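Subject: Structure for you to look at

Dear colleague,

I am handing over the structure we spoke about, and below it you will find what turned up when I went through it. Please keep it open beside you while you read.

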Amino acid sequence: MTAAADAAIGRATGELIALSHAIHAEPELAFAETRSVAKTLAPLRDRGFEIERPVADLDTAFVATYGSGDLVVGICAEYDALPEIGHACGHNIIAASAVGAALGLAEVADVCGITVKVFGTPAEESGGGKVLMLERGVFDGLAMAMMVHPGPYDIVGARSLALADLSVVFRGREAHASAAPEQGRNAGDAVTVAQVALGLLRQHLRPGQQLHGIVSSGGVAPNIVPGHAELLYYLRAVDSASLDDLMRRASACFEAGALATGCTHEIRTLAPTYTELTPDPGLLWAYREQIVGMGRVPLAPELEAARPLGSTDMGNVTNVIPGIHPVIGIDAGGAVTHQPEFAAACVTPSADTALIDGATALARTAIQIAGDQFHRARLLERGIQRQEEIR
């Protein structure tokens, strides 16, 4: 079965690389990935996958299904890009590797007793497409969920941080900055006070807590006291409880800016909160065995937790469905994700190799789990329990 899946992926190698490069060439932002979705669906439709689109009231979300086995294997495809720097997180590789793994598994679906589902998941960078799909029932019935993400090196048990995506708007009163400054209430100064407070808070953060942001609006002209200003901030922490603690402390800093300047403020959550990745140990075992067998050398397990990979809405999925989000290494010349140099590295021969290796490893992992009586029974039982909880 592994040989048959490998052969199917091998036959599609040229098409998969072309798909990765085509998505990379036309980067699209959250919830607007129309061309990327069309490109991703084409090889699945040609192979006979049943396509459902849109799903979860999201125009750029889809589900592509093949097979009828009781073990339902989900593979997540991401394809959104970053503003200005394009596919600097390598989502073109993620989408193409998901398609490749699905083509490999379709070849053996009947023999393995599996159903293969490819989930097109928009807006991972900002917007939480997977969270919305999860809340709206799109992932119901899954026994396992997988995807593979490019990075500077291979990591099997990748970890991520919980994340809150915030907008903080300060409102004051405009006035002539020279003729009547006493009539003003400076929202720009509120931003300054809040950011100073946040900077001082940093020295007392718990391990794993992070905060970073930008001033998205701070005034319109030097001679007008700013009556409106906005901060966009990410708060991150090792888990949801720690994130709640950080939210409480950061909120006090935002409030301090408003109080010191006589302004008002409003904190809004711009996207669903991301929870931390909780990878399934059985799936990690199978994936590690496959990736090592392919000649790759992943990071040692004892070092994985020390290198969190930012945040991902796949964390929300793995909190309710057994899943994994490993990293497949590419030669990025020292660059890391979210750098323009990493975007350039995501269409190199090294990236193309990683795409095929990632697809192959995912397919082999699913085959190994499907053929293991203990893990198959475990995942099916957990799926039944979750469906009962949903009902």
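Which strand supplies the largest share of the lining of the largest pocket? Before the answer, please bear in mind that this is a predicted model, and that the values below are computed from it. The strand is β9, which contributes four residues to that lining.

At least two lining residues come from each of β6 (149-151), β7 (162-171), β8 (210-217) and β9 (228-237). If you sort the lining of the largest pocket by class, you will find 24 nonpolar, 11 polar and seven charged residues.

There is also one cavity of 30 Å³ or more, and about 40 Å³ of space lies in the largest cavity. Its lining is made up of Leu142, Ala143, Val320, Ile321, Pro322, Leu379, Arg382, Gly383 and Arg386, which divide into six nonpolar, one polar and two charged residues.

Next come the aromatic rings, where the count is four pairs. One of the pairs joins Phe119 and Phe139, whose ring centres are 4.7 Å apart and whose planes stand at 40°, so this pair is tilted. Phe119 belongs to strand β4 (residues 114-120), whereas Phe139 sits in the loop between α6 (129-135) and β5 (144-146), so the pair ties together parts that are 20 residues apart in sequence. Both Phe119 and Phe139 are buried. Another aromatic pair, Tyr233 with Phe254, is edge-to-face, with 6.1 Å from centre to centre and 70° between the planes. Here Tyr233 lies in strand β9 and Phe254 in helix α8 (residues 240-261), 21 residues apart, and the pair links these distant parts of the chain. Tyr233 and Phe254 are both buried as well.

As for annotation, the unreviewed UniProt entry places the feature "domain: Peptidase M20 dimerisation" at residues 164-256. Over residues 164-256 the chain is 34% helix and 28% strand, with the end C-alpha atoms 20 Å apart.

Finally, please look at helix α13 (residues 349-370), whose 22 residues reach 32 Å from the first C-alpha to the last, close to the 32 Å expected at 1.5 Å a residue. Helix α13 is mostly covered, since 19 of its 22 residues are buried.

With best wishes

Terms used
Residues are numbered from 1 along each chain as its sequence is written. This is a predicted model: local features need pLDDT of at least 70, side-chain atom pairs count only at pLDDT 80 or more; totals for chains, interfaces and linings use all residues. Side-chain values use heavy atoms; hydrogens and water are left out. On a 1 Å grid over the protein atoms alone, a cavity is a set of points where a 1.4 Å probe fits but cannot get out, and a pocket is an open set with protein on both sides within 12 Å along at least five of seven lines; lining residues have an atom within 4 Å of a point. Grid points are joined across faces, edges and corners, and a volume is the space filled by probe spheres set on the points. Ala, Val, Leu, Ile, Met, Phe, Trp, Tyr, Cys and Pro count as nonpolar, Asp, Glu, Lys and Arg as charged, and the others, Gly among them, as polar. UniProt positions are given in the numbering used here, feature names are shortened, and annotations may be inferred rather than shown by experiment. The expected span of a helix is 1.5 Å times one less than its number of residues. Buried means under 20% relative accessible area, exposed over 50%, partly exposed in between (1.4 Å probe, protein chains only). Rings of Phe, Tyr and Trp (its six-membered ring) pair if their centres lie within 6.5 Å; planes under 30 degrees apart count as stacked, over 60 as edge-to-face and the rest as tilted.
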